Amino acid sequence: MAHTRLGDAAAGAALVLGIAHAVVVSVSARGEFGAGLVAWIAVPFLVMLGFAAAALALARHGDRPDRPRWAVWTAGAATVVTALLVPAGIAPLFTGDPLGVFLGPTPYALVCVPLFAALTWRALSSGGAPER
């Protein structure tokens, strides 16, 4: 049961991070929507969808040893990627602009890091390494 709640929370956090990225970049974009801007919106959003899918796959499999190996690796990658987003987007927190807090990835990534770290830890500690 705890796996389900943790997986659902991690998936929701990844979706919020992906949606927040798409909204902030779309709203703050200046000029024409070219292929580069569309890629800058779509690729991180698709990565976050992958992270959410991994969290849901781990939640569905719980402590069973047949959990998918890709999901454990993806949840671990989500932990690392979102942890790297925290210092990368911390500058807007110090601008003094209340809206600036939400323009960077830090507040959204701060929610993802502990959830994905706990989900990965739990998947690895329940029965050892995933099956090949």
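This is a predicted model: local features need pLDDT of at least 70, side-chain atom pairs count only at pLDDT 80 or more; totals for chains, interfaces and linings use all residues.
**Overall layout**

I began with the secondary structure. The protein has four helices and zero strands. Read from the N terminus, the order of elements is α-α-α-α. Of the contacts between residues at least 6 apart, 68% join residues at least 24 apart.

**Nonpolar core**

Next I asked which residues have the most contacts inside the largest nonpolar core. They are Ala14, Phe51, Ala55, Leu58, Phe116 and Leu119, in a core of 23 residues. I looked up where the core residues come from: α1 (2-28), α2 (35-61), α3 (69-88) and α4 (106-125) each supply at least two. As background, nonpolar side chains tend to be buried together in soluble globular proteins.

**Helix α4**

I compared the length of α4 with what its residue count predicts. Its 20 residues should span 28 Å at 1.5 Å a residue, and the end C-alpha atoms are 28 Å apart, so the two agree. I then listed the buried residues of α4: Thr106, Tyr108, Ala109, Cys112, Phe116, Leu119, Thr120 and Ala123. Two of these names, Phe116 and Leu119, I had already noted among the residues with the most contacts inside the core.

**α3 against α4**

How are α3 and α4 oriented to each other? Their axes come within 8 Å and cross at roughly 150 degrees. Angles over 145 degrees count as roughly antiparallel, and the pair is therefore roughly antiparallel. I recorded the crossing as left-handed.

For the contacts, I went through each side in turn. On α3, the residues that meet α4 are Val72, Ala75, Gly76, Ala78, Thr79, Thr82, Ala83, Leu85 and Val86. On α4, the residues that meet α3 include Thr106, Ala109, Cys112, Phe116, Thr120 and Ala123, and these I had also listed as buried. Leu110, Val113, Ala117 and Leu124 of α4 meet α3 as well.

**Tryptophan 40**

I finished with tryptophan 40, which is found in helix α2.

I then looked for its contacts. Leaving out residues up to four places away in sequence, tryptophan 40 touches His21 and Val25. Histidine 21 is 19 residues from tryptophan 40 along the chain, and their C-alpha atoms are separated by 9.4 Å.

Key
Residues are numbered from 1 along each chain as its sequence is written. Side-chain values use heavy atoms; hydrogens and water are left out. A nonpolar core is a set of buried Ala, Val, Leu, Ile, Met, Phe, Trp, Tyr and Cys residues joined through side-chain atoms within 4.5 Å. Buried means under 20% relative accessible area, exposed over 50%, partly exposed in between (1.4 Å probe, protein chains only). Contact means heavy atoms within 4.5 Å. The expected span of a helix is 1.5 Å times one less than its number of residues. Axes are lines fitted to C-alpha atoms, for helices over the stretch in contact, and angles run from 0 to 180 degrees between N-to-C directions. Angles under 35 degrees count as roughly parallel, over 145 as roughly antiparallel, 65 to 115 as roughly perpendicular and the rest as oblique. A crossing is left-handed if the near helix is turned anticlockwise from the far one by less than a right angle, and right-handed if clockwise.
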